[in-house]
Structures are given as structure tokens and as C-alpha cells.
Amino acid sequence: MSEVKTDLNSFESKLDLNNLDRSKWKTYRFDEIAKNISERVDPNDTDLEVYIGLEHIDSSSIHIKRHGSPDDVNGTKLKFYNGDVIFGRRRAYQRKAGIATWDGFCSAHALVLRANPDVIDPKLFPFFLHSDLFMNRAIDISVGSLSPTINWGTLKHQEFLLPPKEIHSNLAELIFAKESSVKAAYHSLSKLKRLSKALINKYVPRDSDQKWLLGDVINIRKGVTYKTSDYSDAENGTPLLNLKSIEKGGGFNPDGIKYFLGECKEQHYVRDEDLIIACTDITRGGDVVGYPLNPSVYQGKEMLFTMDLAAIEVKNTKLKRDYLYYVLKANWVHWFLFAYSPGTTVLHLDFNGLKKLKIPKIDMVTQDIYVAELQSADSMITRQLKVIQDLEVLQQAIINKVF
């Protein structure tokens, strides 16, 4: 972390963020800072090929890394142009505001915003939207309890203090320098993930000479339904693993934990020896169905799991649970299980199909070697995620000093 602090000092030597002279700053209404683009698009009658829903925008990121297509949606949407910012007006606390790098259309639960270059440098505008100053105001003016939403009629009247235009380019340069570091760190993360996936596919060969029929070596225990009225908080409830706990491609999403305070039975708890997998999926591409949760998450802990998950117990002592974890992350295994996951809006894994899976029959010593190498790759990914977290904390600190 000392390296990160040194980096911050080098930035502040260019522009003293701790002593910005605000005497020449001016207050502007938001509709003077940006324009709300409200052109409508019918997904069934357009030449545009890119659709961006709120699910395609990552929290606290100005970059939109993925998108859908017109076939994914129905109903009137909003048109955006290359360079516009798509801001999620529903659940503003998720801090979703990303720069469009294509022409396309987006969810009506977003606002399409275009910076007024006479007031704010368009390069600086997305970072202004990610400042605590703007996001906290956006949360404060949201209306509704279950799904708080921002109305343009309210947002446009909000007033914000902005620096004079002559220093915008310096401020944008300063923030973009850190943004470049974040992008480079994400690029390294992508390379590590590709390496990990390549190792998994290498150590889980589809054409192995000897194979186990999965149904012969495992038992399956289905999760149960829990009443949302019995959900609690982290301080009082028991951690409840659910579909959101498993990230795309397997692993663990720490933001997907819920907590439960009601009654439950002993068999409902996760056991250390279990391998938890997703048996449902709400994505059309089957992003999580059949994929496993990293077992390290629940070792020695009291946790429950919902009906969207299933616990696999390995009953053959010659098959290592941790090797099976990586088996279920292999590409060919996932597509085998996806084929046994029927459904239109929700996919459901057929356990009879799961039991038909034939996996490599490898001796225990070799399994241990493979698992050690794959866990080492996972450790490198974890360390890189920490680097990214530190860089993003620094970047947010700089943004909040500017605004």
C-alpha cells in the first residue's frame, strides 16, 4: 500500500488537491452541466445492434465492458451515441455510470447524459458523476422504497459547485493517469484468468482413457426455500448462500451473501466436505448454472444455502472434492451441463443429466498436483484483485478531492 500512497503524492505534486482555490468556482444546475438525451427506440424496429442494460454496467466503473443485442429486450428504450454517459437512475446507490463507446440503445431505467462542453470538460464529466458529491445527492433525491428511482425533473434542478474550465484539462489528466493504472491492472487480471482457465482445461481432459460416471461417485442434497420475511442482517443472522454468491464461471461473489434468522434443520447447513453448485440460472447464456462455489468460503463456518443451489457430497474416497471443483469449471463440462439445463427465463439443471457426466479418472497423487497448481493460479488472481481494489480506492479519493 506504500507504493499506492507514493503514487498519490506524485499526482498531488502536479496539482495541490488539498488546497484547491475554490474562490473562482461557480455553481451550476445539473441541466446546465449536462443534457438529458431522450430519443426513443423500438428494439423490434431499429438498425442499432448494441443494447446496454443496467446489468451490463459495473458499479463504480466508467467503462462498459459488455452489452446485449435487440433480441434480448422488448419495449421502448433510450437511444445513446458514442461518448454519452449511461447513468442508472434506478438504485443509484449501485453507482452505475458508464461511457458508451458505440451507438445503441439502453434500458429506460437509465438516463442518457451528454456533457455541456461550455461548463464541464466531457472527459471530466464521467468522473464527476462518480464523485461522492454527485452520487450522494442522487441517492437523496431518489423516490420509492423497493426500487428507489431518480426523476430527471428533480435531478435537473440540483446545483453543484464546479471548478473553472481552465483547470478541467489538468484535473482530467490527473484522474485519467490513475484510470490508466486501473485499466492496466484489469488487463493483467484478464491474463491471469485466461491462464487459470487454460490450466483447468488442460488438467480436466475430455478424452481421458479412464472415467468416472459422476452419478456413481456423488450424492446430491438440494437446498431449500427460505422466507424473505426471515431475512436478517450480518450481525444477527446466519450467512445464506444463494445464486448470486456464485460468480460467472464459478468461484465466489462476496456481494451475494444474504442472512437468515428463522428456523432451519441440520441438513440445511453446508458441510465442510460439500461442493456447492448452482442448479438454476436467470441468464440466457447459462453464466452460472452448473458452476461451483469455492469451498474455502464455508470451511469451518455455519452457513445455509437456498434452493437455487445444491450440495454435492463425494462418496468415492479416490476422488478429491477440490479436484471436482475444478472439473466443474472446465469449459466442456459446463456446456455438457448447460445442455441439461432446460428453461426459457430460468434455467434448471437436470440432476439426472448431471449424473450422466463422465469425468477423468485420475490417481489421487496427480489430483493433488493439479489442485496445487490451480490453487496457486487462484492465489495470483486474488492478489491482483487486491491491487485493483487499492488502485480504485486511490482513484475515488482523487475524484472526491477534486469535487
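**A helix position, a sheet and the cysteines**

Mentor: A198 counts as partly exposed because its relative accessibility is 46%. The model is predicted. A198 sits in helix 6, which covers residues 168-203. Between A198 and Y325 there are 15 Å in space, C-alpha to C-alpha, for a separation of 127 residues in sequence.

Three strands form an open sheet in the order 12-18-15, and the pairing is antiparallel. Its edges are strand 12 (218-222) and strand 15 (275-278), each of which pairs on one side only. From one strand to the next, the twist averages 30°. Strand 15 is joined to strand 18, residues 309-314, by four bridges in the antiparallel sense. Within this part, I276 stands opposite A311 of strand 18.

That leaves the cysteines. A disulfide is a covalent bond between the sulfur atoms of two cysteines. The count of disulfides here is zero, with the cut-off for a pair of cysteine sulfur atoms set at within 2.5 Å. C264 shows how the rule works out: the closest cysteine sulfur belongs to C279 and lies 18 Å from the sulfur of C264, so the two are too far apart for a bond. C264 has 27% relative accessibility and therefore counts as partly exposed. C106, in contrast, counts as buried because its relative accessibility is 0%.

Terms used: Residues numbered from 1 in each chain as written. Predicted model: local features only at pLDDT ≥ 70, side-chain atom pairs only at ≥ 80, totals over all residues. Heavy atoms only, no water. Helix = DSSP H or I, 4+ residues; strand = E, 2+ residues; numbered from the N terminus. Buried < 20%, exposed > 50% of the residue type's maximum accessible area, 1.4 Å probe, protein only. Pairing = 2+ DSSP bridges. Axes fitted to C-alpha atoms, helices over the stretch in contact; angles between N-to-C directions.
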